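Hello,

Here is the structure we talked about, with notes on what turned up in it. Please look through the notes with the structure open beside them.

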Amino acid sequence: MKAVYNSFNGRYSDGPRVIHEALVERSGDASRHVWLRDPAHDDGFPAGVETVLVDSPAAVEALESADLVVSNSHLELDWRKRRGSTYVQTWHGTPLKRIHADVLWGPEGLLEHLSLDVDRWDVLLSPSPYGTATMRQAFRFPGEVLEIGLPRNDLLASPRADGVRERIRRDLGIDDGRTAVLYTPTWHDDAFWEGGLDADPLALDIDRFAAELGEDTVLLLRLHYKLTGRLRALEHPAVLDVSHHPEVADLYLAADVMVTDYSSTMFDFAVTGKPLVFYTYDFDRYGEELRGFYFDLSAEPPGPLVTTTEELIEQVRDIETVTAKYADRYERFRERFCPLDDGHATDRFLERFLPLVAKARAA
């Protein structure tokens, strides 16, 4: 069997990585595994992993000769899926903001271009009943939706989680007792498509954040994959840019608190049970003009929504009170959006696809 993988247009990460490692463990040397690679993320690929450049004729050849294709985002290459091949789309999280055909605004021709890839999909993975209904609608996808949870979140509910947390914090230089705040702002369509990407990536007062929370707090900045390497570098002693860290699940474990806006990382982080704070300074504009939401986050949020740096500092400073105040809403949020994140999504994936591996090996 030949399997070809893509994650965020050329990284070694996310659901495809977890699936790759599981298939290697099960199939051994009987299968060939090829990754699409972005040179900017070379450091994330382990030694010995076969790769081809993501935007190259070799990538097209790999895809067109694959028995199994696994991607967590649209493949925007011009390629033809061969007869008998299976394309699994894991996607990259549960959506709050509208996606694909449901977005309020986008460049002319973009939807039609991305839909060419959706037409190739055979199976779409879903994290929950909510995810199934939302993504089937957004992608106008009539095929098989495998509602099994997200393999990329298995680590968060794994016995290995504590050990990974210790290792990542040590690697990042975060001392015991220091509070790590993971900030995961999403991207803004207008800035991305119309320019202005040299602007500051943070719409908050970092100097004030650092001064009031002190050296016991560090801000871990994780930019959206579309923005990584494209925004002006942010250099500040209180900020650690972890945008190039290969695996975001590691950062969920290393962090003590997440601050986000409308990113799907909120749903993944909720698996950890750790507190969430929402920095929603442009809530109305984002929801009503720019992208749109599938539900009103402000109606029953799993954490406080704030609009200023001062409010954000207050919530982070008093995070134990915040945790207690939002405990019931947080649990309802987890029940709705994370019901299958039990550490066994990959096992359920293998139950569905190991017969395909066996068939390909026997051919």
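**Findings**

D14 is buried, with a relative accessible area of 1%. Please keep in mind that this is a predicted model. D14 belongs to helix α1, which covers residues 14–27. Its phi is positive, about 65°, although D14 is not a glycine.

Two other residues are linked to D14 by contact. E247 has a relative accessible area of 6%, which is under the 20% cut-off, so E247 counts as buried. Setting aside residues up to four places away in sequence, E247 touches S13, D14, R17 and R222.

The other is W91, which sits in the loop between β5 (86–89) and α3 (110–118). W91 is buried as well, at a relative accessible area of 8%. Its phi is near 55°, again a positive value in a residue other than glycine. With neighbours within four places in sequence left aside, W91 is in contact with D14, S71, N72, S73, H74, I99, L124, M135 and F139. W91 and P16 are 75 residues apart in sequence, and their C-alpha atoms are 9.5 Å apart in space.

For contrast, take D318, in the loop between α11 and α12 (319–325). D318 is partly exposed, with a relative accessible area of 38%. Between D318 and A358 there are 54 Å in space, C-alpha to C-alpha, for a separation of 40 residues in sequence.

Which residues of helix α2 are buried? In α2 (residues 57–64) they are A59, V60, A62 and L63. Viewed down the axis of α2, these buried residues fall within an arc of 160°, so they line one face of the helix. They pack against four strands: β1 (2–6), β2 (32–37), β3 (50–53) and β4 (68–71).

Helix α7 (residues 206–213) has I206, F209, A210 and L213 as buried residues. Their arc, seen down the axis of α7, is 90°, so they too line one face of the helix. The packing partners of the buried residues of α7 are β9 (217–221), β10 (239–241) and α11 (309–317). On the other side of α7, D207 and A211 are exposed.

In helix α10 (residues 283–290), the buried residues are F283, Y286, G287 and L290. They cover an arc of only 130° around the axis, which puts them on the same side of α10. What does the face of α10 turned away from its buried side carry? The exposed residues there are D284, E288 and E289. After α10 comes G292, with a positive phi near 95°.

**The chain as a whole**

The protein chain contains 14 helices and 13 strands. Its radius of gyration is 20 Å, close to the 21 Å that the globule rule gives for 363 residues, so the chain is as compact as a globular protein of that length. The C-alpha trace spans about 65 × 45 × 40 Å along its principal axes.

Of the 363 residues, 57% count as buried. Among contacts between residues at least 6 apart in sequence, 67% join residues at least 24 apart.

**Where to start**

If you open one site, take the one around D14: D14 is among the residues touched by E247, and D14 is also among the contacts of W91. For the helices, α7 shows its buried side in I206, F209, A210 and L213, with D207 and A211 exposed on the other side.

Regards

Notes:
Residues numbered from 1 in each chain as written. Predicted model: local features only at pLDDT ≥ 70, side-chain atom pairs only at ≥ 80, totals over all residues. Heavy atoms only, no water. Rg over C-alpha atoms; globule rule 2.2 N^0.38 Å. Buried < 20%, exposed > 50% of the residue type's maximum accessible area, 1.4 Å probe, protein only. Contact = heavy atoms within 4.5 Å. Arc of directions from axis to C-beta.
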